[in-house]
Each structure stands twice: as structure tokens, then as C-alpha cells.
Amino acid sequence: MKDKNLYKQILGLSGPWEVIKVDLSIEDEEVDIEISYKSNKGTCPECGAQCSIYDHRDERRWRHLDTCQMKTYLICKTPRIKCEKHGIKTIDVPWAESSSRATLLFERFAIDLLLASKNQTKAAGILRVSFDTLHHIMAKAVERGLSHREHEDIKHIGIDEKSMKKGHNYISVLSNSKKRCVIEVSEGRATRSARTLINNGLTDKQKAQLEAVSMDMWKAFINAVHKELPNASIVHDKFHIIKYLNDAVDKTRRSEARKLKKSEDKTLVKSKYLFLKNQENMTDKQLTRFKQIQELNLSTSQAWAAKENFKEFFNSETINDGKFFFAEWYQDIMDRSLTKMIIVGKMLIAHSEGLLNYIKHPIDNSVAEWLNGKIQEIKVIGRGFRTFENFRIAILFFLGKLKLYPQESQ
Ligand SMILES: [Zn+2]
């Protein structure tokens with residue numbers, strides 16, 4: 001167990017790196033492996049020149065994979081060289097990256113465990129490390145991944161918001177719908193947050209080549225795209241639009257139900273889901289009732305039909321077709337005095353450019369919404385994150401499609 005050569009083999013050390021001491025602490029269930037550098041020459045980490053050893057740094061500890069079920073640490077006073085070009089530098093150690101608190105093998109195993117369990121608390125328990133140490137490994141993995149990210153051409157992105165805590169804490173999320181990954185997140189949902197998001201997530205070249213951004217009709221995001229991505233078209237997401245129309249149908253139903261109730265008419269009592277559900281998901285009983293209500297030609301049914309009709313807009317083949325369709329649709333809800341629908345209609349007129357852009361760039365936020373669900377899972381498993389930065393690291397670690405592993409290890 002205290003065989004120095006055995007540990008040298010296990011650690012794969014060669015050349016001047018020697019195991020000089022193995023310390024067992026049965027009480028703490030720990031093994032400390034002390035390593036020394038037995039040479040008076042070392043390699044400059046900047047230029048690779050062979051230089052003389054100048055001095056040694058204070059002792060450092062790196063967590064390594066357990067040996068014999070004991071927590072195992074490597075201990076070393078790393079030498080510093082004096083390079084003619086670069087001055088005094090600490091040499092690289094073969095078992096860890098320069099700012100790591102753990103060895104390459106330990107980091108690799110921690111990353112595998114996190115990806116498999118998707119649960120930081122569980123992974124920290126199995127690895128017997130503090131949450132802080134695990135977070136440090138994740139943060140390093142994300143930093144590494146972001147620096148190695150290939151800056152491929154991106155044509156389309158999505159921007160969406162996500163609540164971080166109960167109340168009004170939001171984050172903004174930039175996503176790549178083709179790769180189905182999160183590019184970057186930022187704190188808040190104001191114009192400044194979205195501008196930071198775009199600038200941190202995309203290179204200048206990517207910003208210039210971007211064709212379209214899908215998003216809700218949120219003013220702050222629109223402003224940010226106008227400022228940072230003047231060449232890109234804004235496309236208002238169809239799912240957000242349909243949600244506004246659905247809400248307007250429900251508002252119409254509520255106000256009409258109240259009116260009818262005054263004259264003892266219970267036609268619309270408990271009918272909410274009839275107008276929100278897809279017909280194919282209804283029971284026979286629900287469908288029969290729904291059809292009976294339709295025959296009465298109430299405002300609610302008319303609003304529902306207008307909402308259903310609107311979906312046809314997204315099949316327009318040309319901008320002119322789209323304009324023509326919208327004008328007719330709007331005239332129809334005006335003629336029928338469907339006030340709640342008219343409010344949404346007016347909002348769409350105010351955002352007509354982004355509405356019509358869908359015909360040129362048929363993109364939407366479906367991937368962004370799917371990622372939002374995944375972010376929600378991370379939030380629930382993480383039981384809320386104390387800081388935004390911790391939340392950001394977890395999102396990019398699990399949803400960024402990044403190359404997370406240390407490069408030197410196999
Ligand atoms: Zn040098």
C-alpha cells in the first residue's frame with residue numbers, strides 16, 4: 001500500500017517526477033502521495049525552452065481518483081524555472097491543468113458522473129467532494145468548452161426569457177435551434193441584458209452573418225437586436241402569438257360567461273378547457289358539448305374560430321399573401337366586434353414586420369421552449385441556485401453542447 005513505485009505506475013509518472021512519500025491516514029481514510037521533481041532543468045510553459053530550476057512553490061494538493069476506497073491526494077512543491085524570454089514561471093505538472101484543484105483523471109470522472117446523473121448533489125456525494133469543489137470543476141469545464149467552441153456560421157438564433165426564482169427574477173437565454181443548444185445566458189431581461197447576451201454569445205463575424213432571430217414581441221429584446229444585430233431580421237415566434245390569441249379567447253369567454261350568468265344562462269359555465277383543448281384530445285362528452293355551444297354562435301365561439309383561422313397565416317407563401325390574409329382576418333374580427341381579439345390584432349399590426357418576416361424565415365422558438373423546459377429541470381434538481389453565475393455554469397455545462405473534458409487526458 002505504501003509502495004512508492006506502485007504509485008508512480010498508477011499515476012503514470014515518468015522522467016524526473018518521482019513519488020517520494022506515501023502517507024496513509026486510516027482515521028481520515030486518506031492517502032497523500034508526495035511527488036518531487038528530480039532534475040535541475042525544466043520546460044518553460046510559454047515557449048518550451050529548457051531552463052534552469054529557479055525555486056519551488058509552496059506545497060499544493062490535487063484531489064485524485066480514490067485508491068483502495070480512500071480519498072487520494074497528490075502533493076507537490078511545483079518547481080519554477082527562469083526563462084530568458086518569459087521570466088520566472090511555474091512548470092506544468094503532467095497530472096493536472098494549471099489552475100485545477102483536481103487531477104485530469106478526477107475531473108474527467110467528475111464530468112462523466114455529472115453528465116450521467118444530471119445531479120450535482122448526487123455527484124458531489126459519490127465523489128466525496130464539497131459542492132464548491134464540484135462547482136469549480138464544472139466552471140473550469142465550461143470555460144474550457146467555451147474557449148474551444150467552434151465559431152461556425154449561425155443563421156438563426158432564438159432569444160427567450162426564463163424566470164430564475166419565484167417573483168420577478170429573470171434570465172435571458174440565447175439558443176441555437178439547429179444544434180439544439182444554449183449559446184449563452186445573461187441576468188435580467190432588459191435591453192442591456194439582451195445586448196450583453198448577444199455580445200457574449202456571438203463573435204463579430206457571427207453577428208454579421210446572422211440572418212434571423214426568433215422571439216416574442218418583447219420590446220427590450222427588439223431594441224437589443226436593432227442595436228447589436230442590424231443585419232438580422234426579427235421573426236416573432238408563432239407559439240407566443242398563438243398563446244396571446246388563446247388568452248384573448250379565454251378573456252372573451254370569461255366576460256361572456258358573466259353576462260350570460262346574469263340572465264341565468266349557464267351555457268359557458270365550466271367551459272374553459274373546451275376552448276383551450278385540441279378537439280382530438282376531447283372526450284366524446286366534451287366534444288358534443290363543444291359542438292352544441294358552437295351552434296349558438298356566441299362571441300366566444302367566433303373568437304375561437306378567429307384564433308384557429310389565424311394559424312393559416314403561417315402557411316402564407318409570399319409576403320403579399322400574408323398581408324392580404326392578415327387584412328381580411330383583422331377586418332373580420334373588427335366586423336364581429338371581438339374586442340379582446342382586436343387588442344391582439346392591434347399588437348400584431350404594431351409588430352407587422354416581425355410577423356411577416358416569418359414568411360421569409362420560417363423559424364420559431366420551439367427549440368428555445370424545449371431548452372426552457374430543460375433549464376427548469378436543472379433549476380429544480382439544483383433546488384434553486386444561490387447566484388446567477390452558478391446557474392449559468394450549470395445551464396452551459398448541461399445544455400451548451402460544449403467539449404467539457406480536459407484536453408490532455410485520453
Ligand atoms: Zn519561455
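**View 1. Domain layout of the predicted model.** In this predicted model, the centres of domain 1 and domain 2, taken over C-alpha atoms, are separated by 45 Å. The domain assignment places domain 1 at residues 1–95, builds domain 2 from the two segments 156–236 and 364–379, and gives residues 238–360 to domain 3.

View 2. Five strands form an open sheet with mixed pairing, in the order β11-β10-β9-β12-β13. Strands β11 (181–187) and β13 stand at the edges, where each has a single partner strand, so one side of each is left without a neighbour in the sheet. From one strand to the next, the twist averages 30 degrees. Strands of a sheet pair through backbone hydrogen bonds, which may join them in parallel or antiparallel fashion; here, β12 (residues 212–215) and β13 run parallel and are joined by 4 bridges. Ala 212 stands opposite Ser 233 in β13.

**View 3. Helix α5 against the sheet.** Helix α5, which spans residues 191–201, lies across β9 (156–165), β10 (169–176) and β11. Relative to β11, helix α5 runs at about 140 degrees.

**View 4. The surroundings of His 236.** His 236 belongs to strand β13, which covers residues 233–236. With a relative accessibility of 3%, His 236 counts as buried, because the cut-off for that class is under 20%. When neighbours within four places in sequence are left aside, the contacts of His 236 are Met 215, Asp 216, Met 217, Ile 222, Ile 241, His 351, Gly 354 and Leu 355.

**View 5. The largest nonpolar core.** The largest nonpolar core holds 37 residues, of which Ile 241, Phe 275, Phe 310, Trp 329, Ile 333, Met 341 and Leu 348 touch the most other members. At least two residues of this core are supplied by each of α8 (238–262), α9 (284–295), α10 (299–310), α11 (319–335), α12 (339–350) and α13 (352–360), and the largest share, 7 residues, comes from α8. Domain 2 (156–236 + 364–379) and domain 3 (238–360) each contribute at least three residues to this core.

**View 6. Met 341 and a separate core.** Leaving aside neighbours within four places in sequence, Met 341 is in contact with Leu 245, Ala 248, Val 249, Ala 303, Ala 306, Lys 307, Trp 329 and Ile 333. Apart from the core that includes Met 341 lies another core of 36 residues, among them Ile 111, Leu 113, Val 182 and Phe 398.

Terms used: Residues are numbered from 1 along each chain as its sequence is written. This is a predicted model: local features need pLDDT of at least 70, side-chain atom pairs count only at pLDDT 80 or more; totals for chains, interfaces and linings use all residues. Side-chain values use heavy atoms; hydrogens and water are left out. Domain bounds come from an automatic or database domain assignment. Buried means under 20% relative accessible area, exposed over 50%, partly exposed in between (1.4 Å probe, protein chains only). Contact means heavy atoms within 4.5 Å. A nonpolar core is a set of buried Ala, Val, Leu, Ile, Met, Phe, Trp, Tyr and Cys residues joined through side-chain atoms within 4.5 Å. Two strands pair if DSSP finds at least two bridges between them. Axes are lines fitted to C-alpha atoms, for helices over the stretch in contact, and angles run from 0 to 180 degrees between N-to-C directions.
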